[in-house]
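These are my notebook entries on a structure that I had not examined before. I set down what I looked up, entry by entry.

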Amino acid sequence: MATTIATVSITSGDLTPGSPLAVNATSTLMKTGLTTGMTMMEMGSVDIAKDYEGQLFADGPATDNGAYFIYICNKSTDATYYMEYKLHETEIGRLYAGDWMWVPYNASDADAEVEVKGKTGINTIEYAMFKSAWTLPAAEA
Amino acid sequence: MPTLTPTLTLTSSDVTSDELNFSVTDSLTVTAPSQSLSTVVADTTGANTILKAASSAVTYIFIRHTGTTDGSTGTSQLLALENTDNTQFGSLKAGEWCFIPHLSGSLGIQLQSALGSIQAEYGYWTAS
């Protein structure tokens, strides 16, 4: 079984006078049902133009509470560029230039989507999805 | 204004033939309100554990499932991440963490346990 490890460090030397912030956490990605070894990964990069709205990944399987993790980083360098993202057709947040996210995602039905929308400029984003299960799209006749 | 530096590192030597090993770092200028690292115990009603109310600024939220109900008793129950309209968009297993740049109109973020209680660790910082 593959082992994938996600580590975060959040630091600040000036957030609270006399008390530097240093948060560290590590976890090993697990499949649905606590089985270690998330073996499937999809990774790439794409440009998201202003006003473009679409799915970042193809529709997933109808896996009730399937365990997935999503990484998205807005690699744009213009500080005014940003994009919005939605999970399950619910707006969750924004990624400005340089921002990244690491969020678990439940593919609780085939319509549970990961959507992105460019708001300003052309946002170059890097993304990855770690999957518990996946079914390739059926061939078209 | 204070600067917050979050860094994500993903590693795997065997998920593909091409070894995975990369880090990404951001430099965020933050302002009030912020919540330093804290703990909270979520129960089976999401509205009882609202971590962050809606706001008009992006808030960077860190959440970790401690794997315990109270800091000492272990649990493997799932910790649901929800908007404050009770829409679940993900869940954390014991020991897992997430980092969410959040801005969702009139909705905040809340936690809900699948069963029993779950102690979570969290903090948030608002973009200036």
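I took helices (H or I, at least four residues) and strands (E, at least two) as DSSP runs, numbered from the N terminus. Asp51(A) is found in the loop between β3 (40-49) and β4 (53-55) of chain A.

**Entry 1: conventions.** I note that this is a predicted model, in which local features need pLDDT of at least 70 and side-chain atom pairs count only at pLDDT 80 or more, while totals for chains, interfaces and linings use all residues. Residues are numbered from 1 along each chain as its sequence is written, and chains are lettered from A and ligands numbered from 1 in the order in which they are written.

**Entry 2: chain A.** I looked up the make-up of chain A and found ten strands and zero helices. I called a residue buried if 20 or more other C-beta atoms, placed from the backbone, lie within 10 Å of its own, exposed if 12 or fewer do, and partly exposed in between. By this rule, 37% of the 141 residues in chain A are buried. I counted two residues as in contact if their C-beta atoms, placed from the backbone, lie within 7 Å. Of the contacts in chain A with a separation of 6 or more, 75% are between residues 24 or more positions apart.

**Entry 3: backbone exceptions.** Most residues other than glycine have a negative phi, and most peptide bonds are trans. I looked for departures from this. Asp51(A), although not a glycine, has a positive phi of about 75°. Is Asp51(A) buried or exposed? I found Asp51(A) exposed, with 9 other C-beta atoms within 10 Å. His88(A) is not a glycine either, yet has a positive phi of about 55°. His88(A) sits in the loop between β6 (82-87) and β7 of chain A, and counts as buried with 20 C-beta neighbours inside 10 Å. In chain B, the peptide bond from Ala32(B) to Pro33(B) is cis, with omega near 0°; Pro33(B) lies in strand β3 (residues 28-42) of that chain.

**Entry 4: where the chains meet.** I found 41 residues of chain A in contact with 44 residues of chain B. On the side of chain A that touches chain B, the largest share, eight residues, comes from β1(A). I sorted the residues of this side into 22 nonpolar, 15 polar and four charged, with Ala, Val, Leu, Ile, Met, Phe, Trp, Tyr, Cys and Pro as nonpolar, Asp, Glu, Lys and Arg as charged, and the others, Gly among them, as polar. I took two strands as paired if DSSP finds at least two bridges between them. β1(A) pairs with strand β1 (residues 3-12) of chain B in the antiparallel sense over seven bridges, and Ser9(A) stands opposite Thr7(B) in β1(B).

**Entry 5: a sheet in chain B.** I traced an open, antiparallel sheet of four strands in the order β4-β9-β6-β7 (chain B). Its edges are β4 (50-52) and β7 (88-92) of chain B, each with a single partner strand, so one side of each has no neighbour in the sheet. β4(B) and strand β9 (residues 109-113) of chain B pair over two bridges, and the bridge partner of Ile50(B) in β9(B) is Gln110(B).

**Entry 6: contacts of Trp102(A).** Which residues is Trp102(A) in contact with, leaving aside its neighbours within four places in sequence? I listed Ala6(A), Phe69(A) and Tyr71(A), together with Leu8(B), Cys98(B) and Phe99(B).
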